[in-house]
Amino acid sequence: MTDNTATNGKAQNAENGGTTSTSFVGRRRFLQAAGATAGMSALAGCVPGGGDDGGSGGPITIGHLAPLENPLGVGSRRTANMAVDQLSENGGIMDEEVDIVHADTRGDPGTADTEVQRLVTQDNVDVIIGTFVSEVTQAILPYVANENIPFIVTGSAAPSTVTEYIGQDYDQYRNFFRTGPINSDFQAEGMVNYANHLNELHGWDTFALLADNAAWCEPFVNYLPDAFDEEGFDLVHQERLNISIDDFSPVINDVVDSGADAVFRFFAHIDASAFLVERAQRELTFGVEGIHVTGMHPAYAQLTEGAATYETTSQSGAGGTTAITENTIPFVESYRERFANSDPPVGHPMYMGFNTYDAVNVYAEAVERGGTWNYGSDLDSIVDAMLATDHTGVAGNIQLYGEDADYPHDAVETRNDQGVISNFPITQWQPEGDLECVYPEQHATADHMPTVW
């Protein structure tokens with residue numbers, strides 16, 4: 001396996017990309033996408049598009065895009081390497097060697113566009129996997145579409161990435177896929193189901209809504225007010241927050257004044273550590289529900305000195321707490337063993353890491369099934385093979401919507417017998433720093449706990 005550093009192999013991969021502070025209470029941006037751009041190394045002898053019709057001309061080279069200097073990108077990079085190493089140990093893909101090259105987006109659309117062009121023109125990758133931040137994904141889509149290279153998203157959730165691109169021009173964007181997470185239209189629906197669950201448990205029926213001022217949050221802002229009203233809930237406060245916010249006191253005061261039983265907040269760009277610290281210091285008891293990417297860090301409760309206790313967040317793979325599939329726990333155990341002596345974060349990858357690991361394996365299966373990785377001359381065979389995906393991954397069972405669906409080439413949501421979305425598991429930091437899965441019931445390892453200081 002080759003990555004974009006000066007050396008390769010498992011010894012190098014054990015550290016894989018960046019460190020995190022062990023004391024970030026009050027930091028403005030825990031998940032800021034920063035750091036030097038990862039160096040690139042040209043792979044001599046590679047032919048763009050996979051050589052002679054996928055039958056020879058390897059290695060098959062995977063390009064991985066992520067913000068490599070933050071914990072989310074570290075986990076994604078590590079699990080991509082895990083997947084490639086495991087493929088290599090089992091004979092590669094179509095008996096060809098598999099390489100991987102990493103590029104750092106820094107969470108910035110312009111940087112990502114430059115880096116994806118380098119992956120394609122210099123490193124001759126055969127597929128692009130990754131990206132966090134929907135604006136980053138959408139910034140590189142036109143170039144990736146023009147190159148026809150398969151592009152599998154594992155870290156951004158805006159439904160507009162599908163509906164406004166492949167949904168409007170299927171032929172142009174048919175090389176695009178999202179294997180996880182489910183898009184935020186489905187996530188918003190899942191949150192309504194979760195609100196009903198909280199109502200049944202605690203009698204909560206009054207909520208506040210906070211959201212990043214970012215594309216992925218549009219469904220929450222546009223859908224939840226009416227949906228809550230239809231369920232008989234009161235939405236007593238709603239606010240979009242600038243992603244550079246560093247003073248949460250006015251926001252907390254508004255939530256308290258509203259009388260909300262719980263706040264549903266949707267933060268991927270915002271680090272809400274200061275929000276949680278102030279809430280704990282003031283011993284406020286409103287619930288903190290929804291999605292908080294920073295809160296997915298495997299040591300978040302300890303790093304916030306207990307301020308994160310009672311916070312919940314949905315996350316792919318449910319933070320390694322529960323057997324989403326029969327593959328989840330063995331994967332997490334393997335991750336912990338491999339990276340136990342590495343720089344933080346250790347314990348489990350954050351949500352993008354679960355999805356990236358699955359995406360590498362979905363792509364490998366599709367190439368084997370379609371008999372080619374040569375996107376330059378036979379993209380349609382790769383597309384057809386991807387659409388035939390039925391993969392039991394570590395984040396869930398993965399299938400993709402077809403051309404005529406509302407969300408073509410997007411991850412299919414999984415529903416239980418009552419029609420409730422179930423591949424949207426929610427975890428909670430509970431006392432003593434324990435992370436538990438609290439929803440849906442089929443995956444739950446503990447009951448959701450209301451805040452009691």
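**Overall architecture and selected sites of the predicted model**

The protein chain contains 14 helices and 14 strands, where helices (H or I, at least four residues) and strands (E, at least two) are DSSP runs numbered from the N terminus. The model is a predicted one, in which local features need pLDDT of at least 70 and side-chain atom pairs count only at pLDDT 80 or more, whereas totals for chains, interfaces and linings use all residues. Residues are numbered from 1 along each chain as its sequence is written, and side-chain values use heavy atoms, with hydrogens and water left out.

Of the 453 residues in the protein chain, 60% count as buried, a term that stands for under 20% relative accessible area, with exposed meaning over 50% and partly exposed the range in between (1.4 Å probe, protein chains only). Among the contacts with a separation of 6 or more, 73% are accounted for by residues 24 or more positions apart, contact being defined as heavy atoms within 4.5 Å. The protein chain exposes about 15600 Å², of which carbon and sulfur atoms supply 41%; accessible areas come from the Shrake-Rupley method with a 1.4 Å probe, and for residues only the protein chains shown count as cover.

Asp205, in contrast, is found in the loop between α7 (184-202) and β6 (206-212), and it counts as partly exposed at 33% relative accessibility.

Nine salt bridges are present in the structure, each being a side-chain nitrogen of Lys or Arg within 4 Å of a carboxyl oxygen of Asp or Glu. In one of them, Arg118 pairs with Glu115, the closest N and O atoms being 3.2 Å apart. Both residues belong to helix α3 (residues 109-121), where Arg118 and Glu115 are three residues apart, about one turn of the helix. An α-helix has 3.6 residues a turn, so residues three or four places apart point the same way. Arg118 is partly exposed, with a relative accessible area of 25%, whereas Glu115 is buried, at 2%.

A further salt bridge links Glu311 and Arg265, with the closest N and O atoms 2.9 Å apart. Because Glu311 lies in the loop between α11 (300-303) and β10 (312-314) and Arg265 in strand β8 (residues 262-267), the pair ties together parts that are 46 residues apart in sequence. Both Glu311 and Arg265 are buried. Arg282 and Glu278 also meet through their side chains in a salt bridge (2.9 Å, N to O); here Arg282 is partly exposed, with a relative accessible area of 36%, and Glu278 is buried, with 16%. Elsewhere, salt bridges that share partners join Glu189, Glu413 and Arg415 into one network.

Helix α10 (273-281) is largely enclosed by the rest of the structure, because seven of its nine residues are buried. These buried residues of α10 are Ser273, Phe275, Leu276, Val277, Glu278, Arg279 and Ala280, and they pack against β6, α9 (249-258), β8, β9 (287-292) and α11. The helix α10 is followed by Glu283, which has a positive phi near 55°. Ala272, in the loop between β8 and α10, is buried with a relative accessible area of 2%. Neighbours within four places in sequence being left aside, Ala272 is in contact with Phe248, Phe267, His292 and Tyr300.

Two other loop residues are likewise described. Asp410, in the loop between β12 (397-398) and β13 (426-430), is buried, with a relative accessible area of 0%. Residues up to four places away in sequence not being counted, Asp410 touches Val162, Arg178, Asn183, Gln399, Leu400 and Tyr401. Gly393 has its place in the loop between β11 (391-392) and β12 and is buried, with a relative accessible area of 2%. Gly393 and Asn327 are 66 residues apart in sequence, yet 6.5 Å apart in space, C-alpha to C-alpha.
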